[in-house]
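Hello,

Here is the structure for your files. My notes follow below it.

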Amino acid sequence: TTSPDDHSLPLSVFTEIERMEARLVKLDDSDKNKKPLSKALERLEKKLTGLQYERIQYLGKPYKEGMVCKVRSFIPSNDPVHKVPTITRIIKPYISYCGEKIQTAEIEVSECG
């Protein structure tokens, strides 16, 4: 049996949602499977939110020193979008339960220069 403090299942589900969302972005909008998969992921996240879990979405956001996350690596980039260091990959999402952090995000940051 699992204890009330065991968050391993929600953490695993959020990590898989993050991975699937990253793959969905790469699918062409004309792919008939894209919308149903996206809706299914939304339902899963909504269910977890109803259980008082929350995932902070960092992907595509600017990275600033002092953010509550672990930078796995900084990736050099020639993309002008990355003039400001930008979070371009989530290895583990930031997750809170009842407003308390239970998992720190692990990220990759792309930056010019």
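Which elements each supply at least two residues of the lining of the largest pocket? They are α1 (8-26) and β3. Helices (H or I, at least four residues) and strands (E, at least two) are DSSP runs, numbered from the N terminus.

Some ground rules. This is a predicted model, where local features need pLDDT of at least 70, side-chain atom pairs count only at pLDDT 80 or more, and totals for chains, interfaces and linings use all residues. Residues are numbered from 1 along each chain as its sequence is written, and side-chain values use heavy atoms, without hydrogens or water.

The pocket: α1 gives the most to the lining, with six residues. Among the lining residues are Glu-18, Arg-19, Leu-59, Thr-88 and Ile-90. (On a 1 Å grid over the protein atoms alone, a pocket is an open set of points where a 1.4 Å probe fits, with protein on both sides within 12 Å along at least five of seven lines; lining residues have an atom within 4 Å of a point.) The lining divides into five nonpolar, one polar and five charged residues. Here Ala, Val, Leu, Ile, Met, Phe, Trp, Tyr, Cys and Pro count as nonpolar, Asp, Glu, Lys and Arg as charged, and the others, Gly among them, as polar.

The sheet: three strands form an open, mixed sheet in the order β2-β6-β3. β2 (69-77) and β3 (86-92) each have a single partner strand, so one side of each is left without a neighbour in the sheet. Two strands pair if DSSP finds at least two bridges between them. β3 and β6 (residues 105-112) pair antiparallel over five bridges. Lys-92 stands opposite Glu-106 in β6.

Best wishes
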